[in-house]
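Morning, everyone, and thanks for coming along. Please have a look at the sequence and the model on the screen, and then we'll walk through a few spots together.

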Amino acid sequence: MIIFWIAAALLSAGAGALMLQGAVRRGPALAEDPAVSVHRRQLAEIDQLAERGLLSETDHRAARAEAARRMLDAAEAAHPGHHVESSGRLALLIVAAAAPLIAAGLYITVAGAPGTPDQPFMARVAAWKTGGADLGWPERVAVATVDSQRNPKDPALLKQLAATQLFADDPVSAEATAQRALALWPKDPEVFTLLAASLTRQAGQVTPQAASALEQAQRLAEALPPGDPTRERIDGQIRAVASMGAEGQQEPQAQPDAGQVTPARIRQMVEGLAARLKANPDDPKGWVMLVKAYSVMGETASRDAALAEARKRYAGDKAMLDQLEQAKDVSR
Amino acid sequence: MIVEIGSFALVLALVLSAAQTGLSAFGVNRPALAGAGEGAALGAFLATATAFGVLIYAFVVSDFSVANVAANSHTAKPLLYKIAGAWGSHEGSILLWCLYLTGYGAAVAVLGRSLPARLRSRVVMVQGVLCLLFIAYMVFASNPLLRLANPPVEGASLNPLLQDPALAAHPPFLYSGYVGFSVVFSFAVAALIEGKVDAAWARWVRPWTLAAWSLLTVGITLGAFWAYYELGWGGWWFWDPVENASFMPWLVGAALLHSAVVTEKRGALPGWTVFLSLLAFTFSMLGAFLVRSGVLTSVHAFAVDPKRGILLLEILAVSSGAAFALFAWRAPKLSAGGLFAPVSRESAIVLNNIILAAAAATVMLGTLYPLLAEAMGGETVSVGAPFFALTFTPLMAIALLILPFGPLLAWKRGDLLGAAQRLWIAALVAVALALLALAVMSPKKALACAGLGLGFWLIGGAIAELVERTRAFRAPWSDVIRRLTGLPRGAWGMTLAHIGMGVFVLGACFETSWRSEAAESLAIGGRINVGAYELTLDSVGGAEGPNYLAERGHITARNAKGQVECVGQPERRLYPTGGQTTSEVAICPKGLDQLYIVLGERRAGADGAMDHWLVRAYVNPWVQLIFGGPMLIALGGLISLSDRRLRFGVGRRAGAVDDAAKTAPEAA
């Protein structure tokens, strides 16, 4: 705050200096009344005009006579400039000294919050990234957006951004982000499901474009090695999107905001996964997915609980522990 | 901290404006205080510029702790529009207004050293009062740097319609014109206090008027150009109340430019010139009120809360009310000035002034009547183009018809027959071309053809005046060239401005009367005919901008021979932040014409599939003249301003009188 007051004092001092400099520089009145100077110049201009042949002799005489008469009138009425009554230096000093004080007083009472820091967006994003816990969806979108802007060719970051945007109820942006990710790497089935989900959220039903994206996701998932848990995950996501579309179709008029159901649906999916893991806990990929999902949803307590259980279960598996760590930090 | 320094600078500017007013008022007879008042004016400008710089900084770094930034910006916005966002809101535009207001005050303090000391002090004082009123309004009611305790993560973004290069430049030019008239206002009030309005005063006022009017011309033209290509309706002027709000001071400014010449050259019309000086800025303030009070519904209107509108109305009432009261008191004592015959250049300018003033009154009536009718009786009245076509257009047609006579008439006593003789070729050419248009283009459009004749008449009249000045075809060519090169820039500026008006009239008449348009719902491969072109919708694809998503059409225009004339890529954009859609038209320039293509919303075809798009297309003949003409007018004004005699600081330095005498005046 001290820097602020130093800056304010410098500004005020500059203003005071300008006033004092103006007072000192304001010299004596011009030697000739400025009005007389104007008329004198007009006379010269009329002569010049005639010399260039742009004024006839008659017009020249008439214009010159009138300008000369006006000049004489002006000379007679010439004002000596300032009729100096007094210097007013004391008044000037008072004003120069009072102006900053009044400004400071007004600033504090009316306009200012001197202790309030600036909050540039990038600085806030940096704080959110290091702050970590309990971020809301808008903050997560901001962080993911900045990350993807810094590495625009990284499809993984775009995938993460699309997922976050979808959670943040912004399917339009999620669709665009998914499209960008697919333009970079068109072989990620999860991005296709994200695209399908964002399209379905917007339309309230599975559109032909969304169906096509789901087909692509299915095709890519089937190409994965048998037993790869990603396949199961993709299947779950496809079912979720299809179910989301079905709900939207059932009540399109009654629920114009049918898209808002989707986070609930996604939550339902996550809860389903948690229940499945409880019944059948020997699913390392499932645990990673659960931790990641809670992390993206911002449910830190659930995330930490799931993480603790998974860590306990896979205490000796370093690769698994690394995957869990990465899943925990996915939102950053 | 930087934002808070800006806040402090705003308050400092307020205090310095008060100091400027007080010191200048008491400095009329005390040079030191007057000089300090000028220093305060400079300080107020620098403080306001600091605040403005801070606001731009806040927009650039997306500091959403500033309420104004949070409400009008977004991190995804391109840098240009982040910067333009600083004046895209009510609060920011008021800061821009104050920046100009203090800037003009500082300019008078710095450049006005050739003015009589008392007049200068009083001008700086009046400018200080205006600064005080508007900066107080800003600090207490419209603070652009107000902070938020809990800033949002993202901003609400700027209206997408305003995210456009022409509109980024439009307000700075418009406001420089609006607020430029404040100096003229201050000169008028100062002269009324002095009780002296003479030729010298008129010469001091003219450059400020010329600068303000030229900048306003550029501002209005940029606005019309933006409306033309951004709003996607193919027109360029809608008689929208906000457009009218900028047009009224322009009309009064045009009248003032001419009446100030009479006052300068003949010492005549001093009262009228002062009245117009007061009126021009009054209309500027009225425009500010209309746009910000919420009384208007317009794409331009900030339409904020009426309370702030009332405050602006009070500022308007106080400043203009006091000025006109002073005028009513002091005007009868002003010298009547030189006499002139009914047929003279002065009379022509008086007639021009009467018509321009009547035109401004007509526009004011058309703009305010619906508001007054609704306020008084609750009746909703719509005043649109038909009203203005029946009232404004005939008035202006008369003014333009007599325009070429003015410069050809002598001061004091003119020779109407002689002027007519000098204009007969221009008249003949204009009538012949109008008849040709009537015969060739469309016999049913007689009025439009008359309008074309009027445009040619204005251009021909300006050229005839140039011929007369240089005695071309009558004197040896060496003399003609000597006269031509000896013409002062003021004369060139006037000729260019009159030609620009003719060019505009040609464009406006031609475009309005012979525009062709077509609209159809097209599937991919579908075709539509407009004018002499056949357009094919080749494809529609997705596109992504920095903060928008778009459907981009690919439309090929072919001529009658099947040759490709151009490929347009109009867009329909969606800005997800605010959920707004806009149209980005595709414009194919064809000489003076333009082929204008709009991609509309997606529609269902016969089979119910959403695979059709509404495509609208216009062929706008000579439309480039509509924007080129006013730019020529503004250029004419700026060329006149570069005339040494009209520069702001002439006579300041020793020997300036001799220097000035070396240049010749225009014979205006």
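Let's start at Gly526(B), which sits in the loop between strand E1 (516-523) and strand E2 (527-530) of chain B. Gly526(B) counts as buried, with 15% relative accessibility; buried means under 20% relative accessible area, exposed means over 50%, and partly exposed is in between, using a 1.4 Å probe on protein chains only. Leaving aside residues up to four places away in sequence, Gly526(B) touches Leu535(B), Thr536(B) and Leu537(B), where contact means heavy atoms within 4.5 Å. Its C-alpha atom is 21 Å from that of Gly232(B), a residue 294 places away along the chain.

Before I go on, a word on the ground rules: this is a predicted model, local features need pLDDT of at least 70, side-chain atom pairs count only at pLDDT 80 or more, and totals for chains, interfaces and linings use all residues. Residues are numbered from 1 along each chain as its sequence is written, chains are lettered from A and ligands numbered from 1 in the order in which they are written, and side-chain values use heavy atoms, with hydrogens and water left out.

Now the domains. Chain B is divided into domain 1 (1-163), domain 2 (173-378), domain 3 (403-514 + 626-634) and domain 4 (516-620), with bounds that come from an automatic or database domain assignment. How far apart are the centres of domain 2 and domain 4 of chain B? Taken over C-alpha atoms, the separation is 41 Å. Their contact takes six residues from domain 2 of chain B and 11 residues from domain 4 of chain B. Between them these two domains bury about 660 Å², 40% of it on carbon and sulfur atoms; buried area is the accessible area (1.4 Å probe) that two parts lose on being put together, summed over both. On the domain 2 side, Tyr228(B), Glu230(B) and Gly232(B) supply 63% of the area buried against domain 4 of chain B, more than any other three residues.

What about salt bridges across that interface? The rule finds zero between domain 2 and domain 4 of chain B, a salt bridge being a side-chain nitrogen of Lys or Arg within 4 Å of a carboxyl oxygen of Asp or Glu.

Arg64(A) is partly exposed at 34%, and Asp47(A) is partly exposed at 21%.

Over in chain B, Glu465(B) and Arg469(B) form a salt bridge at 2.4 Å, N to O. They are four residues apart in helix H16 (residues 446-470) of chain B, so about one helical turn separates them. Glu465(B) is buried at 3% relative accessibility, and Arg469(B) is buried at 12%. Finally, salt bridges that share partners join Glu66(A), Arg70(A), Arg266(B), Glu346(B) and Lys412(B) into one network.

Methods
Helices (H or I, at least four residues) and strands (E, at least two) are DSSP runs, numbered from the N terminus.
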